[in-house]
Amino acid sequence: MSKNQRLAAVSSGLLILITLTPVASQLTSTMRGHVLLQIPLLVAVGIGFGRSLAPHLVRFLNRWNAMGIPGILITIFTIAFWMIPRWIDASLTNTSVEWIKHSSLVLLGGIPLALSWERLYPVARGAVKIEFLSMLFRLGWLYLISPDRFCNSYLLEDQIWLGWGMIIIGMALTLTWLVPVFFGEYAPAETGHSSPKNPNEAPNAA
Amino acid sequence: MNGSSTIATIVILAIGLSALTVGTNGWSTWTAEAARRQAVVERPRPLPAYQLLDSRGESLTLAQSERDLTVVDLIYTQCPTVCLAMGAQFRQLQSELATAGLLERVELLSVTFDPANDDQSTLSDYLRRFGAVEPHWRAARFQDNDELAASLTDLGVIVIPEQSMGFVHNAAYYLIENGRVIEIFDIEARTDLFEAIRARLAT
């Protein structure tokens, strides 16, 4: 079994686990499990599939994905859509919406992310990270302070849990992402001018 | 950026923005609760003629009423939190309607979604506790659990059983005219509800 096949197999296994087995209802039984585990895992499954695509398919898709911009936009829109409380609720009460959620997060959330991330310019990558962090903090703060429930299917207490979860994850990611900016490869060199290690990263997707 | 990627970007932006716009009814409806309230106003649906029994043993249905308007709130009598507030608000509404001389034309109806615990006498106690003036304010229960479940689904009510608090539900007031829900109000929006009733009855 090649490395790609192994990755595809693991991703398929994870997908089945989090959508078809009792684990799925366990994850979606709480708002925090739904938003902080199931949705990110579905995107992760997509990343796994994206990284195991055949090279000729990747080459074909890359023609439509200059600098990774179209691809990352698909991912951003998809994730943004599934952050709307109305559709989180709907995925719990309507089976078709649930299936659309599962398939779109894998196909439109994860796969384009895998195909685009390495191709983005570092500045664009930074912008996506900043936007992702601010989404976590904005939503987390909103969930913490709101006296109203955003999802009819979840308790207010659960929503506050989710708020804390988002803020803690946001802080952890801020540290992981910002520390290298100041002290790592982008830090000013001793000579006084900044020199990213590899300013023109070769666009490779797999 | 090459030509095909530019086209892809434009198409993706168009589809993505449309999806978000449609998915939020034009950036206005972010929650399922708002969506169900909006749907009720835009497409009022007839309520099914399921039989309910009130605390005095009289039967009634949500599909028909002798009065011009009916205001329904969903309750369960053991509720420690939000239903207490709703009961108090209903009492206020009752006295506002009486002062305005409209009480005879409006039916206030508290329907329990916990018929296992709320029988006729429990419902009478509930009415007495909040100073309900019968027959203007009645409390009723569904005869059939499936019909109750179907009605809750129809109205978009989701009840979550919860250990320490009994049940949590998206509480609201339902304004019903001719067997159709015409508007849904927040439990804090008693004043708006009263104004809506007055406007309806004035015409």
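Predicted model: local features only at pLDDT ≥ 70, side-chain atom pairs only at ≥ 80, totals over all residues.
**Close-up 1. Asp158(A), a buried partner in a salt bridge.** Asp158(A) belongs to helix H9 (residues 156–183) and Arg32(A) to helix H3 (residues 31–51), so the pair ties together parts of chain A that are 126 residues apart in sequence. Arg32(A) is partly exposed, at 30% relative accessible area.

**Close-up 2. Arg138(B) meets Glu58(B).** Here the two side chains form a salt bridge at 3.5 Å, N to O. The pair links distant parts of chain B, 80 residues apart: Arg138(B) is in strand E5 (residues 137–142), while Glu58(B) is in the loop between strand E1 (52–54) and strand E2 (59–60). Arg138(B) counts as buried at 11% relative accessibility, whereas Glu58(B) is partly exposed at 39%.

**Close-up 3. The network around that pair in chain B.**

**Close-up 4. Asp68(B) and Arg105(B), a pair between loops.** These side chains meet in a salt bridge, 2.8 Å from N to O. Asp68(B) sits in the loop between E2 and strand E3 (69–75), and Arg105(B) in the loop between helix H3 (82–99) and strand E4 (106–112) of chain B, so the pair ties together parts 37 residues apart in sequence. Asp68(B) is partly exposed at 36% relative accessible area, and Arg105(B) is partly exposed at 33%. Over all chains, the structure holds 18 salt bridges.

Notes: Residues numbered from 1 in each chain as written. Chains lettered and ligands numbered in written order. Heavy atoms only, no water. Salt bridge = Lys/Arg side-chain N within 4 Å of Asp/Glu carboxyl O. Helix = DSSP H or I, 4+ residues; strand = E, 2+ residues; numbered from the N terminus. Buried < 20%, exposed > 50% of the residue type's maximum accessible area, 1.4 Å probe, protein only.
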